[in-house]
Amino acid sequence: MGIFQKFKHLFNRKPAVADQVAQKNLDHTFVEQTKFDDGLKLSANSLNSAVNQIAAKYYQLDDVTIERIEEALIMYDVGPNATKKILDAIVQEIKLQKVQDPQLIKQIIIDKLIIYYIQNTATSSELNLINGQLNVILITGVNGVGKTTTIAKLTSYLLKQNKRVCLVAADTFRAGAVAQLGIWAEKLNVPIFKPKTDGQDPASVVYEGVKYAQENHFDVVLCDTSGRLQTKVNLMNELKKINDIIKKFLPNQPIESLLVLDATSGQNGIFQAKAFNEVTKLTGVVLTKMDSTSKGGVILSIKDAFNLPIKFIGLGEGIDDLMPFDLELFIHGLTSELEIK
């Protein structure tokens, strides 16, 4: 049984799907599966259309067929490095099996996409939180990717996990960032530390916020950070100062440093985000606006660029639409529209 068939078997779309999943000891709910399916529908339809077109025109493995597969991968935003490796694997498998059946071509393409993501990748979406002490989560990313909204959604998620949360508005560079985060803090009824003056050193804001959170026995403190890239040296120094301050309070605790990426920005967003990977030790990725893109292959671009686990994925605009990343549900969502007989 191929990987594609395996996952389709595990997540067969029938009324008893919740029971089937439970029997596989997977901690999923029908609601979670539905959110992934609905949120990934654009990508699923795009993938379905691409592989159907390839299969419909397939007679033999020639240069034209290989070019069509390559073009489909690139258009799906898989990225140049992943495209070459996946294309080579697809061609090799077709030759090995001497494929004549167009339906098998479709299965091979999907299998190789899935295998590429799974291999040599940390797929855990779990936040590295330690019970009984303060945990710090830094949120980084370029301006415009939805950092502030992501912080609000993460806060809501953590509150539902019965965590005591406070926020730190350390993005003192972008106009309106502090006020926007303050509105969310009020809506979610959580405390927030803001700069006392315009342009205050972000590290000092983090110092005050983390100190307060530790003294008042909070479980998690979420720190917004600047998204400017035009002053990369300053950004590097700023993040280093912030990390050093946190280590003074929590010398033996790992810090979660999450990079927020906009799925709709494609390769351009990934190139920008590489700068953050150069200046701070990242622990995971939050992929936003996945419901707004038809190019689900961006997840493979992220793998090539960072080799970091995706910890959360944005599947809608609602406060509860930021979901912990789950590989099985993601694969099911991407393949839910495929018609392989």
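Guide: In this predicted model, the lining of the second largest pocket draws at least two residues from each of helix H4 (41-56), helix H5 (63-75) and helix H7 (102-118). H4 gives the largest share, seven residues.

Visitor: How is such a space found, and which residues lie nearest the centre of the second largest pocket?

Guide: Rolling a probe the size of a water molecule over the atoms shows where empty space is left. Here, 17 residues line the second largest pocket, and Ala50, Gln53, Ile54, Arg68 and Ala72 lie nearest its centre. The pocket holds about 290 Å³ of space. Its lining comprises 11 nonpolar, three polar and three charged residues.

Visitor: How many cavities of 30 Å³ or more does the structure hold?

Guide: There are three cavities of that size. The largest cavity has a volume of about 170 Å³. It is lined by 15 residues, with Leu113, Ile114, Ile299, Phe330 and Leu334 closest to its centre.

Visitor: Which helix supplies the largest share of the lining of the largest cavity, and how does the lining divide by class?

Guide: H14 supplies the largest share, five residues. H7, helix H13 (298-306) and H14 each contribute at least two. By class, the lining has 12 nonpolar, three polar and no charged residues.

Visitor: Is Asp326 buried or exposed?

Guide: Asp326 counts as buried because its relative accessible area is 17%, and the cut-off is under 20%. Asp326 sits in the loop between strand S8 (322-324) and helix H14 (327-335). A polar atom of the Asp326 side chain lies 2.9 Å from the backbone nitrogen of Leu329.

Definitions and conventions:
Residues numbered from 1 in each chain as written. Predicted model: local features only at pLDDT ≥ 70, side-chain atom pairs only at ≥ 80, totals over all residues. Heavy atoms only, no water. 1 Å grid on protein atoms, 1.4 Å probe; cavity = no way out; pocket = protein on both sides within 12 Å on 5 of 7 lines; lining within 4 Å. Points joined across faces, edges and corners; volume = space filled by probe spheres on them. Helix = DSSP H or I, 4+ residues; strand = E, 2+ residues; numbered from the N terminus. Nonpolar A, V, L, I, M, F, W, Y, C, P; charged D, E, K, R; others polar. Buried < 20%, exposed > 50% of the residue type's maximum accessible area, 1.4 Å probe, protein only. Polar contact = N/O pair within 3.5 Å; in protein donor to acceptor, adjacent residues only side chain to side chain.
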